[in-house]
Amino acid sequence: MALMVAPCGKLAEAMIVTTLLAGSVSATDYRCRASARDTPFVEIHQGFCIAYVRHGTFGYRTRGRTHELVAGSVLLGHPGDEFMCTHDYSCGDECLSFSLAPAIVEAIGEHAAVWRAGSLPPLAELVVLGELAEAAAKGDSAVGLDEIGTVLASRIVATVSGKTRPGPRPQARDRRRAARAALWIDAHAHEPIDLERAAKAAGSSPFHFLRTFSRVLGVTPHQYLVRSRLRRAARLLAEGGRPVTDVAYDVGFRDVSNFVRTFHRAARMSPLRFSRAAKTDRKIFQDRLAAHCIR
């Protein structure tokens with residue numbers, strides 16, 4: 001019997017696995033090339049698992065039931081449950097999978113029946129969140145992978161259980177904690193920060209920290225982190241004299257191409273052009289301002 005975390009059971013040589021994030025919320029990219037010719041085998045879920053199917057189709061057998069998953073479907077796994085995946089109708093699939101620590105699931109509200117539902121069809125609200133997770137995985141969104149994984153899990157629990165639990169209004173203590181957390185993030189923005197580390201610094205669980213921070217300040221912790229880095233980058237670029245690569249690394253970005261994409265999305269111009277405009281070519285900003293006024 002194989003013990004694997006993969007969202008679908010396949011021969012090892014048919015699977016390409018890429019770890020995107022590790023922690024209390026882990027994210028993994030699975031690209032399977034198995035077909036009907038491959039013999040399926042039994043696996044066991046090692047933790048609470050959510051797999052968003054972004055391409056292809058496969059069968060998922062667990063707890064005496066068979067589920068057919070297609071693009072937009074969501075696979076659910078409960079720790080210790082056996083499962084088997086098949087590919088009778090197509091060759092391969094691609095999934096973005098999240099594994100959640102028990103503490104995260106407990107904070108959301110653990111409902112065993114939810115995690116043993118097997119799968120969910122392509123529901124509009126879940127598809128939107130799934131594609132947002134895809135964008136985050138590619139670096140095309142300011143939302144953190146751990147954040148969107150937590151939100152997706154929370155929405156799934158509410159959908160399957162039929163219970164929507166609006167959070168309480170932020171109290172003075174919550175506002176104080178969120179403000180202090182923002183100060184901490186700003187002071188450490190040049191360092192690697194994920195949801196778990198920020199929550200620990202705030203003395204809270206990741207789920208409650210994410211919910212409280214977002215309710216009080218109107219942005220997620222990761223969005224605030226990215227914007228803090230962008231503020232510093234814009235300041236350094238405006239001062240001039242620093243290569244774009246150095247600026248990216250100094251403010252906390254670990255990937256220059258991601259920095260360029262993120263900065264361009266915010267400023268509507270590349271970091272290099274922004275730097276030149278701040279020092280010499282003022283016409284760039286004048287044209288940008290005129291375009292906004294015309295709109």
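Predicted model: local features only at pLDDT ≥ 70, side-chain atom pairs only at ≥ 80, totals over all residues.

Colleague: In the open sheet of six strands, which strands stand at the edges?

Modeller: The sheet has the order β1-β2-β9-β4-β7-β10, with antiparallel pairing. A strand at the edge has a single partner strand, so one side of it is left without a neighbour in the sheet. The strands in that position are β1 (15-21) and β10 (119-120).

Colleague: How many bridges pair strand β2 with strand β9?

Modeller: Strand β2 covers residues 25-32 and strand β9 covers residues 93-100. Cys-32 stands opposite Asp-93 in β9. The two strands pair in the antiparallel sense, and the number of bridges is eight.

Colleague: What angle does helix α3 make with the direction of β4?

Modeller: Helix α3 (residues 124-138) packs on the sheet, where it touches β1, β4 (48-56), β9 and β10. Its direction makes an angle with that of β4 of about 85°.

Colleague: At what angle does α4 run to β9?

Modeller: Helix α4 comprises residues 145-161 and reaches 24 Å from its first C-alpha to its last, close to the 24 Å expected. Its buried residues include Leu-145, Ile-148, Leu-152 and Ile-156. The helix lies across β1, β2, β4, β7 (74-77), β9 and β10, and its angle to β9 is about 90°.

Colleague: Which residue just after α4 takes a positive phi?

Modeller: Helix α4 consists of residues 145-161. Just after the helix, a positive phi of about 75° is taken by Gly-162.

Colleague: In the open sheet of four strands, which residue in β8 is the bridge partner of Ile-44?

Modeller: The order of this sheet is β3-β8-β5-β6, with antiparallel pairing. Two bridges join β3 to strand β8 (residues 82-86). In β8, the partner of Ile-44 is Glu-82.

Colleague: Are helices α8 and α10 roughly parallel or roughly perpendicular?

Modeller: Helix α8 (residues 221-239) and helix α10 (residues 256-267) pack with their axes 11 Å apart, at an angle of about 85°. Because angles of 65 to 115 degrees count as roughly perpendicular, the description of α8 relative to α10 is roughly perpendicular.

Colleague: How many residues of the contact of α8 with α10 are nonpolar?

Modeller: From α8 the contact uses Val-226, Leu-230, Ala-233, Ala-234 and Leu-237, and from α10 it uses Phe-259, Thr-262, Phe-263 and Ala-266. One residue is polar and none is charged, while the number of nonpolar residues is eight.

Colleague: How many charged residues has the contact of α5 with α7?

Modeller: Helix α5 (residues 172-187) and helix α7 (residues 206-217) pack at about 95°, with their axes 9 Å apart, which makes them roughly perpendicular. Residues of α5 in the contact include Asp-174, Arg-175 and Ala-178, and those of α7 include Phe-209 and Thr-212. The contact has eight nonpolar residues and one polar residue, and its number of charged residues is two.

Colleague: Is Arg-63 buried or exposed?

Modeller: Arg-63 is placed in the loop between β5 (58-62) and β6, and has a positive phi of about 50° although it is not a glycine. Most residues other than glycine have a negative phi. Exposed means a relative accessible area over 50%. Because the value for Arg-63 is 52%, this residue is exposed.

Definitions and conventions
Residues numbered from 1 in each chain as written. Heavy atoms only, no water. Expected span 1.5 Å × (residues − 1). Buried < 20%, exposed > 50% of the residue type's maximum accessible area, 1.4 Å probe, protein only. Axes fitted to C-alpha atoms, helices over the stretch in contact; angles between N-to-C directions. Parallel < 35°, antiparallel > 145°, perpendicular 65-115°, else oblique. Contact = heavy atoms within 4.5 Å. Nonpolar A, V, L, I, M, F, W, Y, C, P; charged D, E, K, R; others polar. Pairing = 2+ DSSP bridges.
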